[in-house]
Amino acid sequence: MSVIEVEGLRKSFGEVVALDGVDLEVAEGTVFGLLGPNGAGKTTTVRILTTLLHPDAGLARVAGYDVVREAEALRHVIGLAGQAAAIDPNLTGRENLEMVGRLYHLSPTEARRRAGEVLERFDLAEAADRPARTYSGGMRRRLDLGASLVGRPRVLFLDEPTTGLDPRSRLELWDVIRELVREGTTLLLTTQYLEEADRLADVIAVVDRGRVIARGTADELKARVGGEVLAVRVSDRSRVPEAAGAILGLGPGGGKVDNNTGEITIPVGGDGTRLLVEAVRRLDAEGIELADISLRRPTLDDVFLALTGHAAEEAPTPPNGTRRRRRSP
Amino acid sequence: MSVARTPLAERVRWAIHDGFVLTRRNLIRYRRIPTLLVFSTVQPVMFVLLFRYVFGGAITDLPPGAEAYVNFLMPGIFVQTAIFGATQTGIGLAEDLTSGIIDRFRSLPTARSAVLAGRTTADLLRNLFVVLLMTGVGYLVGFRFQEGPILAALAIGLAVLVGFAFSWVSATIGLAIGELESVQAASFVWIFPLTFASSAFVPIEGMPWWLQAFARNNPVTIWANTMRAFTLGETYVRAIGETMGGLVLRSGLWIAAILAAAVPLAIRIYRRT
Ligand SMILES: Nc1ncnc2c1ncn2[C@@H]1O[C@H](COP(=O)(O)OP(=O)(O)OP(=O)(O)O)[C@@H](O)[C@H]1O
Ligand SMILES: [Mg+2]
C-alpha cells in the first residue's frame, strides 16, 4: 500500500521553478530516498508533503490525507526534521522534547515519558537537562531528529538528516533510522550523498531541477553508472586529450573528461582492477606520466553523469543560502 | 448529537492548551537568560532617573493635581515602557522564523493561533513584571498613587493592555520583515516619535503648534492622560479639560482599534509565511 502518493507536483517561487511535475510513490514501511544536488527541489517537496507549503498544481496524499485539504488531520501522523535544526536553544533537551510532545497533544506524563525514551535513544540522556544552546552541532541535530519522533509518527520526513554530522554520528544515526523502520515507520529522507541513500533507502528517486530523472533501488542506479569509477589524472595538462583518447574506450560505457580539473573518469563496472592495470599500461605505452589513478565508489556526480550526461550543477540561485549559514553555530 | 458542537469546543480547548505550552516556552527564555530581563528593565529605570532628575527641575507649569513632576512622569513612563517592551514580540518572532522552529510548530497538530498567542501572552506577562518594577522604582523617587489601590491597578492594567496591543503591531512587523536586525531597526523608527511626541513626559503646550496637533491626537497622549486620571484624580482631569469617562472611552477605543487592525493582519501574515 502506498503511504505517500504524489502526482504532478509543481511549485514556483516567482521566476524560479522549484518543482516541475514531481511524481512519487512510497510504500508503507519502506525508506524512500530523495537524492539530488543543491537546488534540485528536495526541501520544497518535503515542505509540501509536511503541509508547510501549498503546491501550485498537482496532488499529494500522505497516509491517505490530502496535504492541502486535510492538512490538519495529517499533522497528527507525520514527523518532520527540517534542513535547519528547529530546536529552542534556551530550553533544555528534555524541555524541547516535552514541548513538542505537548504540542502533539500528548498528556504531560506521556510527553515526559517519550522525551525520556528519545533522549536515551539518541544518547542525549546525560545532557538532557542542559540548555540546548550548550550542545555541539551534532547533539543539536540529534535532538532535532529526536523531536520529530516524539509523536511516534507513521510517516517521518528527514531533510538531509546527516549533513553536518561527523562520520561516527552519521553511522549512529543510520542505525537509529534502520531501527525505526524495523518498527514500521515509513521514512522519506533527502540527501546529497549517494552512499547514504545506498545504505538506507529501499527506493531512490534522483531529482534534478524539479524533476525526478530516475528511480529505482541503489543497485539499479549503480548499474546505470556501472559499478565503480576509474579516475585518472595526468601530470601534464596539455596531454589530457591524448590520454583520454587512449583510455576512454576501456570501460563498458564511455567516460568523461572534466575540463576544469583535467580528471578523466570512466565507469568500469565490476571489472575495476583489471581495467586499472590496463589503463596504466596504455598510458605508459604512450609515455604519459600519471599524477593519480584510483578506483572509487560512484558518487552523486557519477550517477548524474550517467543519467543526464551533465554533472550535478548548482541551481542558478544559491538555494537555501541563508538557511545554510544560519545552521552553522 | 453533539457532533457539530464538540469539534469547536475541542478546538478552542486545544488552542488554549497550545497557547499555554508556547507561553511557557517563551517565559523559560527569561529564566534561562536573566540578563534579557535585566536589560529590558535597565532602560526604563534609566528613563525614570534621567527624566526625574535632569528634566524634573526645568519642567514647571504642570497642571493642577500633577504639581510634583514625578507624579506627572510615571504614568508616561508606564506607557512608554509597555510600548518599548512590545517591540520584543516582533524580534522574538523574527528569531523563531530564522531559526526554523516555526516550521516545526507548523508541521505539528498545534493550533494555528498558538505561536502568536503564546508569544504575545508571554510578552504581556513580562511587561506586567517590568511595569510593576517601574512602580517600585517610582516609589523610591517620590511617586505616589493618589487615588487608592483600585485605580492604581487600573492604571497598571491599562499600561499592560497598551503593551499587548502593540505586541500585535510588533508581531505584524516582525513577521512581515522576518529579518532580525531589520526588525530591530524598524521598531525604533515608529516607537520614538510615537512615545516622545506625546504628553508622556512633558505637557504638550510647550511644543510648536504643528507638533501639538500631532501630540494632541497621539493615542499615547490619551493613554498617558487616562493613566494620570487613575493616579492623580479629578483635579488633574478637570485641569486638562477632559472627563474621566471620555478619557477611558477613547483609550479603550484606541486599543480596540489597534487590536482589530493588527491581530487579523498578523495572523494573515503568519499563515502566509
Ligand atoms: N522561499 C523561496 N523563495 C524563492 N526561491 C526558493 C524558495 N525556496 C526554494 N527556492 C528555490 O527553489 C529551488 C529548489 O529549492 P530546494 O530548497 O527545494 O532545493 P534542495 O533540493 O532542497 O536544495 P539543497 O540541497 O540545497 O537543500 C531552488 O532554486 C531555490 O532557490
Ligand atoms: Mg534542501
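Buried means under 20% relative accessible area, exposed means over 50%, and partly exposed lies in between, with a 1.4 Å probe and protein chains only. The exercises below use a predicted model, in which local features need pLDDT of at least 70 and side-chain atom pairs count only at pLDDT 80 or more, while totals for chains, interfaces and linings use all residues. Residues are numbered from 1 along each chain as its sequence is written, chains are lettered from A and ligands numbered from 1 in the order in which they are written, and side-chain values use heavy atoms, with hydrogens and water left out.

**Exercise 1. Describe the salt bridge between Arg104(B) and Asp144(A).**

Step 1. A salt bridge is a side-chain nitrogen of Lys or Arg within 4 Å of a carboxyl oxygen of Asp or Glu. The closest N and O atoms of Arg104(B) and Asp144(A) are 2.6 Å apart.

Step 2. Locate the partners. Helices (H or I, at least four residues) and strands (E, at least two) are DSSP runs, numbered from the N terminus. This pair crosses between chains: Arg104(B) sits in helix H4 (residues 101–107) of chain B, and Asp144(A) in helix H5 (residues 137–147) of chain A.

Step 3. Check the cover. Arg104(B) has 4% relative accessibility and so counts as buried. Asp144(A) is buried as well, at 0%.

**Exercise 2. Which parts of chain A does the salt bridge between Glu160(A) and Lys42(A) tie together?**

Step 1. The N to O distance of the pair is 3.9 Å.

Step 2. Glu160(A) lies in the loop between strand E7 (155–159) and helix H6 (167–182), and Lys42(A) lies in helix H1 (residues 42–49), so the bridge ties together parts 118 residues apart in sequence.

Step 3. Glu160(A) is buried, with a relative accessible area of 2%. Lys42(A) is also buried, at 4%.

Step 4. Extend the view to the helix that holds Lys42(A). Eight of the eight residues of H1(A) are buried, among them Thr43(A), Val46(A) and Leu49(A). Thr51(A) follows H1(A) and has a positive phi, near 70°.

**Exercise 3. Are the partners Asp20(A) and Arg211(A) buried, partly exposed or exposed?**

Step 1. Their side chains meet in a salt bridge of 3.2 Å, N to O. The pair links distant parts of the chain, with Asp20(A) in strand E2 and Arg211(A) in strand E10 (residues 211–216), 191 residues apart.

Step 2. Asp20(A) has a relative accessible area of 21% and is therefore partly exposed. Arg211(A) is partly exposed too, at 44%.

Step 3. For context, the whole structure has 32 salt bridges over all chains.

**Exercise 4. Identify the members of the negative surface patch and of the nonpolar surface patch.**

Step 1. Patches are made of residues with over 30% relative accessible area and no salt bridge; like charges are joined within 9 Å, and nonpolar side chains (Val, Leu, Ile, Met, Phe, Trp, Tyr) within 5 Å. Asp and Glu count as negative, Lys and Arg as positive, and His and the chain ends are not counted. A charge is placed at NZ of Lys, CZ of Arg, CG of Asp or CD of Glu.

Step 2. The negative patch gathers Glu5(A), Glu7(A), Asp23(A) and Glu25(A). Strands E1 (2–13) and E2 (16–27) of chain A each supply at least two of its residues. Glu7(A), in strand E1, is exposed at 56%.

Step 3. The nonpolar patch consists of Val38(B), Phe39(B), Val42(B), Met46(B), Leu50(B), Val54(B) and Phe55(B), and covers about 660 Å². Accessible areas come from the Shrake-Rupley method with a 1.4 Å probe; for residues, only the protein chains shown count as cover. Met46(B) belongs to helix H2 (residues 34–55) of chain B and is partly exposed at 45%.

**Exercise 5. What does Ile288(A) touch, not counting residues up to four places away in sequence?**

Step 1. Ile288(A) lies in the loop between helix H10 (272–286) and strand E14 (290–296) of chain A. Its relative accessibility is 7%, so Ile288(A) counts as buried.

Step 2. Contact means heavy atoms within 4.5 Å. On that basis Ile288(A) touches Val234(A), Arg239(A), Glu242(A), Ala243(A) and Leu283(A).

Step 3. Of the contacts in chain A with a separation of 6 or more, 68% come from residues 24 or more positions apart.
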